[in-house]
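Biologist: I would like to learn how to read a pair of packed helices. Please start with the general idea and then take the case at hand.

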Amino acid sequence: MSSTAKKKGFGATIWNYLTTVDHKKIAILYLIAGTLFFVIGGIEAMLIRIQLAKPNNDFVSAGLFNEIITMHGTTMIFLAAMPLLFAFMNAVVPLQIGARDVAFPFLNSLGFWLFFWGGVFLNLSWLLGGAPDAGWTSYASLSLASPGHGIDFYAIGLQISGAGTLISGINFIVTIINMRAPGMTFMRMPLMTWTTFVSSALILFAFPPLTVGLFFMIFDRMFGSNFFDHTMGGNTIIWEHLFWIFGHPEVYILVLPAFGIFSEIIPTFARKRLFGYSSMVFATILIGFLGFMVWAHHMFTVGLGATANAIFAVATMAIAVPTGMKVFNWLCTIWGGSIKVTTPMLYALGFIPSFVAGGVTGVMQAAAPLDYQLHDSYFIVAHFHYVIVGGIVLALLAATHFYWPIMFNRMLNETLGKITFVFFFIGFHCTFFVQHFLGLMGMPRRVFTYLPNQGLDTYNLISTVGAFLMAIGVILLVINVIITTIKNKPCGRDPWGDGRTLEWAIEQPVPFYNFRQTPLVRGLDTYWIEKMEGNKEGMSYAEPVTDIHMPNNSFIPFVMVIGLFISGFGALYNQDTDKPWSLAVLIIGLVITFGSMAVRSLKDDLGYHISKEELMNEKGGNK
Amino acid sequence: MMKGLKKWRLFAMLTALIVFLSGCGKNYLSTLSPAGEVAKEQHNLMLLATAIMTLVILVVVIIYVLALVKFRRKRVGEDVIPKQVEGSTKLEILWTAIPIILLLILAVPTVALTYKLADTKAMDAKVADGQNKPVTVNVTAKLYWWQFEYKNEGIVTSQELVVPTGEKVYFNLTAGDVKHSFWIPAIGGKMDTNVDNVNKFYLTFDKESKDLEDGVFYGKCAELCGPSHALMDFKVKTLSRADFDNWVKEMKASDKQVATGDLEKQGEEIFKTSCVSCHATSGVGKGTGLAPNLATFGDRNRVAGVLDHNKENIKKWINDPQAVKPGNTMPQPEKINNGKKFTDQELDALAAYLMGLSVEK
């Protein structure tokens, strides 16, 4: 319960994290789990690049290669990028809006465990007969034809983890609408909060189509329905639509919080208010809205016809306008500022040109007839890695350095951080820049090898070298984290010296109830305003010290998810005639889940209060 | 720190430039050396898009570098508090309007070309007596091989598409098992072969392929379709109209091919007991979709789409198809030869017979 868990035994700490409903601890859980999956996905990426380093390589077999690319994509999108962003959203957003926690702490915990066990379920496929091998898009004709249980692991694993994402998204929407401190109007919300809000709204609308698609897939493969089987009147193109109606907004679900992170970092280290705040907000909303209008640009070559292709081409180009607005606003923020090149700022400065490069190749692919050439070639591989690595991963690395003091009250080593950046940044461009040309020169994507004498050898080797540089960068970051943890030197409040928003004003380490008194927000960049007015405390208060109502920790979310995890195996093996126990497993799992839901519903859990006296003593309410 | 970084960037850019100038890929494969009207139009659209996008990148980079140079804290002073500017409506309008104009410049040709490339009305149009119907190829993509049926000519081939130059060639595309995608990079963009429906598009072929390194253009499957997706290549032979007509004539006579020589005759016997239930050796008709038609096997450029075209590779392929193309549907020899592998002599005979199947020699 307290934020100073170090006095407790190891077992107690583990139990504390298993049952916690505190957004700060859930953020740490997301960070650890997301990093774990990021490393797994990264190893898969290295295997891909080693295999493609030279023509006719036989480092991995053809079938295994398809499993690796499928798991690389799925892991990186669903199990690394999403949870790592959730880690920072959880750590920062409640503090940024002056809230005690998210609106539904219990659901927050449930969301995490759903994501985690869904991810574990998916990755267990490696040990239980082979991973999914139909690409992260899992197009229906191939995924229905895929032998073994790989695709079943994909469908059920993503279903479980997707439910977690949906729950977390709803939680953030409610939190941001309802839990803002007095004075924090919508147009005073920091950009990180705004992008979290819009991105959560996208989750709310984008994940249901995926859920539907995955259920169709599960029923087709495990229970004999025919939604996608064209010989039985089904249609495979429906899967493509459902997947991309989810899949395209998913890109914005990921990239908007990345924009948010950079919109916090850039003003901080330029010591200047974000230029064009209201147009930044407008652009965020517009991108979110347009993100739902463009999914068919992933399907230009499917044969939807000229009219559909033309409409989706123009709609896609339109997204470039709000995105361009953002880029120019960032540029104008540093223009006339006082730029301090810290590690997070270095990532932000690296992000701007990289992301512009990724954005413009996106516009090229929006031109439908040109996309007929670029689609499913290495050009698209280069494009989306420029957007995802150059945008989202750089944002995650920047946020790791930037928000480490808020999450752990420690500073990561700056010099090592800059060296990490150099390796990662150069490696990134080295890996993916040449891939544009590989695509233009006729190399299709998702190939496990290529024949010599097609002019593709040199660029592929360069690309592999770049991948190793990126790997070195990531290893350096891990070393940095270890060094910082061993040194264990507290850094206190506002260690960057230029913090602008509420999360930097709060005392460190952050008390488990966050704010002793709810702050009063007097404008955009609250903390900056207080600092400029010489307020040493860093914030004004909206209320006197009163009792604080806190939620109890709960083990129920964990149990609920374990039930689903077990029933997943039951559903998965239901199609095998030699496993008659599968139905029993399915039912037992669901009984556990619904049983724990019933316990949660029927048993009152009113939480507890920290009294005013406890808050005022020297421990500040810590027991 | 930043100085070192800038040098690095310069170095990286120079390297990139050198690598870029070193080539645009092979002229039988690369989209950067278009050899057909469709590819040329797409190439032009790419040049236009690249020009606009380079302009955007340049503008961003110039502002970015200037800002970095001018407004570093070391230069501005450690304790200076910059003016907290809210924004600028004029600038906002400027950087909304200019991109819209740039996008319109790109959008107009995009929409026009989208409609143009989708126009396949001529393939079903009636033609006057005595005139040739446009060449229409029914493409069926199967797990790791391609069938090309010429419906107006009444012939069928596989793995190697043969087309006339200088005219529109129409395609009906479909898949027989899972989704694939039909792509000849140097000739034009791809189109998916769906399992649910038939897709239509056209391509034109400007030059004869005989001058190319292998005498053929390279075609690829561009949609993940299983373990051997990477090996699902096909080849395209482009002939002048006269040569094409001649080829069609020979194809129509291909049902009369007979093996000559003892080894070839032995090979034919083995073929008739073990292979003929799937593979046809006559190019006349519609094509079964069961297995590649072998009427032109001796004229081809590759064995199984990927191996060099010689007898050793034919033997290797027949002896263990799974080792060459994992997951393909050709049976292992034990399945078609009474549970035994073919002997080396039998494989020699089969290879000799197959190499003799030709309409061009």
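**Two helices in chain B**

Modeller: The axes of H2(B) and H4(B) cross at roughly 170° and come within 10 Å. Two packed helices are described by the angle between their axes and the distance between the axes. Axes are lines fitted to C-alpha atoms, for helices over the stretch in contact, with angles from 0 to 180 degrees between N-to-C directions. Helices (H or I, at least four residues) and strands (E, at least two) are DSSP runs, numbered from the N terminus. This is a predicted model: local features need pLDDT of at least 70, side-chain atom pairs count only at pLDDT 80 or more, and totals for chains, interfaces and linings use all residues. Residues are numbered from 1 along each chain as its sequence is written, and chains are lettered from A and ligands numbered from 1 in the order in which they are written.

Biologist: Are H2(B) and H4(B) roughly parallel or roughly antiparallel to each other?

Modeller: Angles over 145 degrees count as roughly antiparallel, under 35 as roughly parallel, 65 to 115 as roughly perpendicular and the rest as oblique. H2(B) and H4(B) are therefore roughly antiparallel.

Biologist: Which residues of H2(B) and H4(B) make the contact?

Modeller: Contact requires C-beta atoms, placed from the backbone, within 7 Å. Among them are Leu45(B) and Ile52(B) of H2(B), and Leu106(B) and Leu113(B) of H4(B).

Biologist: How many residues does the contact between the chains take?

Modeller: Chain B gives 87 residues and chain A gives 82. H4(B) supplies the largest share of the chain B side, 15 residues.

How values were computed
Two residues are in contact if their C-beta atoms, placed from the backbone, lie within 7 Å.
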